[in-house]
Amino acid sequence: MIDDNPHLAPYAAVSLMFSALSNPARSAIVHRLTESPCFVGELVEHLELAQPLVSQHLKVLREAHLVQAVRQGRQSRYQLTDEHVTHLFLDALHHTQEHSEAAPRLSL
């Protein structure tokens, strides 16, 4: 079992991070946040998804320490936790686009 194996334990957080990015909607949220922080409503409009669904995806991304919420009055503005997330995501996106002729080029 992975939990009992001390050789695999250090990779649990990495697995959580990639698991969070395994959903296309969450990847799209992270991609949008590489440009600038956003309010939930802006993400809802950009992704054309229901607000409760976007909020649920943001919760998963927060738990994986990929995004954080910064309170601004009564709302929260979401941003990536640090530049590592930006580099990690954009490198992965470019890698997949380079190695898959079927992958469409994404734009914000």
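Me: In which hand does helix 3 pass helix 4, left or right?
Reply: Helix 3 crosses helix 4 in a right-handed sense. A crossing is right-handed if the near helix is turned clockwise from the far one by less than a right angle, and left-handed if anticlockwise. Note that this is a predicted model: local features need pLDDT of at least 70, side-chain atom pairs count only at pLDDT 80 or more, and totals for chains, interfaces and linings use all residues. Numbering runs from 1 along each chain as its sequence is written, and side-chain values use heavy atoms, leaving out hydrogens and water.

Me: What angle lies between helix 3 and helix 4?
Reply: About 110° between helix 3 (residues 40-47) and helix 4 (residues 51-63), with the axes 9 Å apart. Roughly perpendicular covers 65 to 115 degrees, under 35 is roughly parallel, over 145 roughly antiparallel, and the rest oblique. Helix 3 is therefore roughly perpendicular to helix 4.

Me: Which residues make that contact of helix 3 with helix 4?
Reply: Helix 3 gives Val40, Leu43 and Val44; helix 4 gives Gln51, Val54, Ser55 and Leu58. Contact means heavy atoms within 4.5 Å. Five of these residues are nonpolar, two are polar and none is charged. Nonpolar means Ala, Val, Leu, Ile, Met, Phe, Trp, Tyr, Cys and Pro; charged means Asp, Glu, Lys and Arg; the others, Gly among them, are polar.

Me: How do you know what to call the packing of helix 2 and helix 5, roughly perpendicular or oblique?
Reply: Helix 2 (residues 24-33) meets helix 5 (residues 83-98) at about 120°, axes 10 Å apart. Helix 2 is therefore oblique to helix 5. The crossing of helix 2 past helix 5 is left-handed. Ser27, Val30 and His31 of helix 2 touch Val85, Phe89, Leu90 and Leu93 of helix 5.

Me: What volume does the largest pocket have, and which residues lie nearest its centre?
Reply: The volume is about 240 Å³. Of its 12 lining residues, Leu21, Ser27, Phe89, Ala92 and Leu93 lie nearest the centre. A pocket is an open set of points on a 1 Å grid over the protein atoms alone where a 1.4 Å probe fits, with protein on both sides within 12 Å along at least five of seven lines; lining residues have an atom within 4 Å of a point.

Me: Which element gives the largest share of that lining?
Reply: Helix 5, with five residues. By class, the lining has nine nonpolar, three polar and no charged residues.

Methods. Axes fitted to C-alpha atoms, helices over the stretch in contact; angles between N-to-C directions. Helix = DSSP H or I, 4+ residues; strand = E, 2+ residues; numbered from the N terminus. Points joined across faces, edges and corners; volume = space filled by probe spheres on them.
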